[in-house]
Amino acid sequence: MKTDRFQAFSDGIFAILITILVLEFHIPDYRTGHLLAALLAQWPLILSYVFSYFYVGTLWLFHHDYFNMLQRIDRNVNMLNLLMLFSITLLDYPMSLVADALTTGNRQDMQTAFIAYDLIALFISATFYFMYAYLHHHQELKKPGISMAFYATIKFDPVRSVTIYGLAILATFWSVWLGAILLAGGIIFHFFAYLRMSRQLEQAKGDMD
């Protein structure tokens, strides 16, 4: 299969997911003259949405750029991609859990919500690792000129993020806020990993010219 339909389907899933994220916003209940206070009380939802949107956007950038280096895909890539997309579509649920738990302020609920988010994020990173590993062993799917050095540069990024989210889970049992910081750090790590991968791809394309 060529990559056009593959990319179009994946882009559609990402677009739907981002739409679903924003649908979590609702007009709050408020008394006349107190709308501002009601809006400010929604800060947990706004914060969790911003991080989730940033996370999904970064994953889409990864997906778009990484799969642009392929000249064709096979059945196994399609199946791994479906698993990857499935993991990403789960993000809306823990986002809602985190927003609700932060609103109530209950420590036990916040622990549960953050750990749920960590587990989904860990699952997402694991699916990226499986995809990286498969494509590394099937170089015939890649465009000519993409060297083994490119994979060597990025292959441990999913492992690093899995480690960060694993540490976040452990830290959350001791300190909710330390766990939250590690969770946020894992999401930010993806963005910098994407920038590095993008530079490597540009360099590989330059070597092909």
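Colleague: Which element gives the most to the nonpolar patch?

Modeller: In this predicted model, a nonpolar patch on the surface is formed by Ile 16, Ile 20, Val 22, Leu 23, Phe 25, Ile 46 and Val 50, which together have about 570 Å² of accessible area. The elements that contribute two or more residues to the patch are α1 (3-22) and α3 (43-67), and Ile 16 is found in helix α1. With 3 residues, the element that gives the most is α1.

Colleague: Which element gives the most to the lining of the largest pocket?

Modeller: The largest pocket holds about 210 Å³ of space, and of the 13 residues that line this pocket, the closest to its centre are Leu 47, Phe 51, Phe 114, Ala 180 and Leu 183. Two or more lining residues come from each of α3, α5 (92-104), α6 (107-136) and α9 (176-208). The element that gives the most, with 5 residues, is α9.

Colleague: How many charged residues does the lining of the largest pocket have?

Modeller: Sorted by class, the lining of the largest pocket has 11 nonpolar residues and 2 polar ones. The number of charged residues in that lining is none.

Colleague: How many residues apart in sequence are the parts that the pair of Phe 62 and Phe 128 ties together?

Modeller: A search of the whole structure finds 12 aromatic pairs, and one of them, formed by Phe 62 and Phe 128, is edge-to-face, with 6.1 Å centre to centre and 65 degrees between the planes. Because Phe 62 lies in helix α3 and Phe 128 in helix α6, the pair ties together parts whose separation in sequence is 66 residues.

Conventions. Residues numbered from 1 in each chain as written. Predicted model: local features only at pLDDT ≥ 70, side-chain atom pairs only at ≥ 80, totals over all residues. Heavy atoms only, no water. Patch = residues over 30% accessible without salt bridge, like charges linked within 9 Å, V, L, I, M, F, W, Y side chains within 5 Å. Areas by Shrake-Rupley, 256 points an atom, 1.4 Å probe, with all protein chains shown as cover. Salt bridge = Lys/Arg side-chain N within 4 Å of Asp/Glu carboxyl O. Helix = DSSP H or I, 4+ residues; strand = E, 2+ residues; numbered from the N terminus. 1 Å grid on protein atoms, 1.4 Å probe; cavity = no way out; pocket = protein on both sides within 12 Å on 5 of 7 lines; lining within 4 Å. Points joined across faces, edges and corners; volume = space filled by probe spheres on them. Nonpolar A, V, L, I, M, F, W, Y, C, P; charged D, E, K, R; others polar. Phe/Tyr/Trp six-rings, centres within 6.5 Å; stacked < 30°, edge-to-face > 60°.
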